[in-house]
Structures are given as structure tokens and as C-alpha cells.
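Biologist: I would like to learn how to read a protein model. Where do we begin?
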Amino acid sequence: MTLAVCPGSFDPIHNGHIEIIARAAKIFSEGVIVAVAHNPQKTFRLPLEERVAMVQEVFSWLDGITVEPMGAGLLAEFARSRGAGAVVKGLRDDRDYLYEAPMATMNRNLAGVETVFLAGDPKHGHLSSSLIMEVASLGGDVSDYLPRSVHRHLLEQGLLGHG
Ligand code: PNS
């Protein structure tokens with residue numbers, strides 16, 4: 001099967017993302033490019049280099065997954081430039097679907113790239129980077145939701161609060 005792109009902000013990457021990307025890598029035998037978004041108009045909690053490095057560390061043990069910064073352009077163009085035939089997105093619920101469906105149609109119209117939706121495991125359905133970071137900044141324990149390397153990085157950066 002074709003090469004796929006798994007795009008996202010990954011600010012930071014969490015266990016819900018990892019589950020989807022690992023499943024995508026089993027489906028797409030030509031591999032998966034994890035595309036880490038960079039958008040000068042958007043404020044990220046973590047700089048691009050740190051987000052890319054964290055994703056790279058997480059997937060260093062899995063074959064078929066490469067990690068790249070996406071730049072500020074269109075996802076559809078990024079996918080086309082890499083020869084990828086599909087974009088993979090995880091869906092937590094119907095709100096995710098309603099948000100993602102117009103972008104899927106737009107990306108198909110722009111570059112003929114199909115979007116494949118994977119239903120996220122319900123055990124990760126409550127996870128988002130923003131919620132995790134809000135809880136973390138207020139001293140809540142988020143270690144169940146993040147890979148150990150990411151948790152350690154956030155700790156080192158002083159991004160885990162003390163309540
Ligand atoms: O993790 P996020 O923040 O939900 O990821 C959003 C992302 C990066 C996938 C989305 O913003 C995106 O596709 N950005 C690239 C710019 C683009 O192509 N915009 C038009 C979408 S049809």
C-alpha cells in the first residue's frame with residue numbers, strides 16, 4: 001500500500017497520537033511520514049525543533065516511520081511533494097469528524113490526496129495536548145498520557161507545574 005502522512009502540531013505528542021501513528025504504520029507498507037506542523041501565525045507551547053525531536057525519540061524503535069517538520073505551506077502540497085497518497089487522521093468523536101471532513105475534501109481537491117480516518121481507541125478519547133498541558137501546568141499527574149521521554153522533556157523544561 002501507499003506512503004501516508006500523519007500531520008499534527010504534536011505540542012506535545014501524547015499517547016493518543018502514538019496509537020494512531022503506530023496503527024497507520026502497520027497499514028501503509030511504504031511507510032508513514034509524521035509531519036510536524038510549523039505555522040508562524042500560530043503560537044505553539046513548544047518550539048518546532050523540540051516537537052520534532054520528541055516525536056523522533058518516540059518512534060526511534062519502530063520501522064517505517066520518519067519524522068519531518070512540515071513548513072508553513074499546505075499539507076496537500078507537502079503530501080504531493082513526498083509522493084504520499086494518503087493523509088491519516090485519528091478521530092476521537094463526531095466533533096473530530098465534523099472538523100476534519102471539510103479538510104479531507106479540500107486536500108483531495110487540491111492534490112488528489114485521500115484522507116484515511118482511524119477510530120481512536122476510546123481509552124485515549126479524552127486526550128488532547130492542550131488539556132494535558134493545562135492539567136500539567138496546574139500540577140496534575142499526566143504521566144499516564146505521555147511517553148516517558150516526553151514527560152521527562154517537559155519536566156526538564158519546567159513545564160510540569162506544582163499545583
Ligand atoms: O494537531 P493539529 O493542530 O490538529 O494539526 C492540524 C494540522 C497541522 C493537521 C492542520 O492545521 C494542517 O493541515 N495544516 C497545514 C496547512 C493546510 O494545509 N491548511 C489547509 C487544510 S485543508
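Modeller: This is a predicted model.

Biologist: How many residues apart in sequence are Ala 25 and Leu 3, and how far apart in space?

Modeller: They are 22 residues apart in sequence, and their C-alpha atoms are 9.3 Å apart in space. Leaving out residues up to four places away in sequence, Ala 25 touches Val 32 and Ile 65.

Biologist: Now a whole helix. Which residues of α5 are buried?

Modeller: Buried means under 20% relative accessible area. In α5, residues 129-137, that applies to Ser 129, Ile 132, Met 133 and Ala 136. Viewed down the axis of α5, these buried residues fall within an arc of 95°, so they line one face of the helix.

Biologist: What covers the buried residues of α5?

Modeller: The cover includes α1 and α6, the latter being residues 148-156. After α5 comes Gly 139, with a positive phi near 95°.

Biologist: How many residues does the largest nonpolar core have?

Modeller: The largest here has 33 residues, and Ile 13, Ile 21, Val 32, Val 34, Val 55, Phe 59 and Val 88 have the most contacts inside it. Elements giving it two or more residues include β1, α1, β2 and α5. Its largest share, five residues, comes from α2.

Biologist: What else is there besides this core?

Modeller: There is a second, separate core of 14 residues, with Val 5, Leu 75, Phe 78 and Ala 84 among them.

Definitions and conventions. Residues are numbered from 1 along each chain as its sequence is written. This is a predicted model: local features need pLDDT of at least 70, side-chain atom pairs count only at pLDDT 80 or more; totals for chains, interfaces and linings use all residues. Side-chain values use heavy atoms; hydrogens and water are left out. Contact means heavy atoms within 4.5 Å. Buried means under 20% relative accessible area, exposed over 50%, partly exposed in between (1.4 Å probe, protein chains only). Helices (H or I, at least four residues) and strands (E, at least two) are DSSP runs, numbered from the N terminus. The arc is that of the directions from the helix axis to the C-beta atoms. A nonpolar core is a set of buried Ala, Val, Leu, Ile, Met, Phe, Trp, Tyr and Cys residues joined through side-chain atoms within 4.5 Å.
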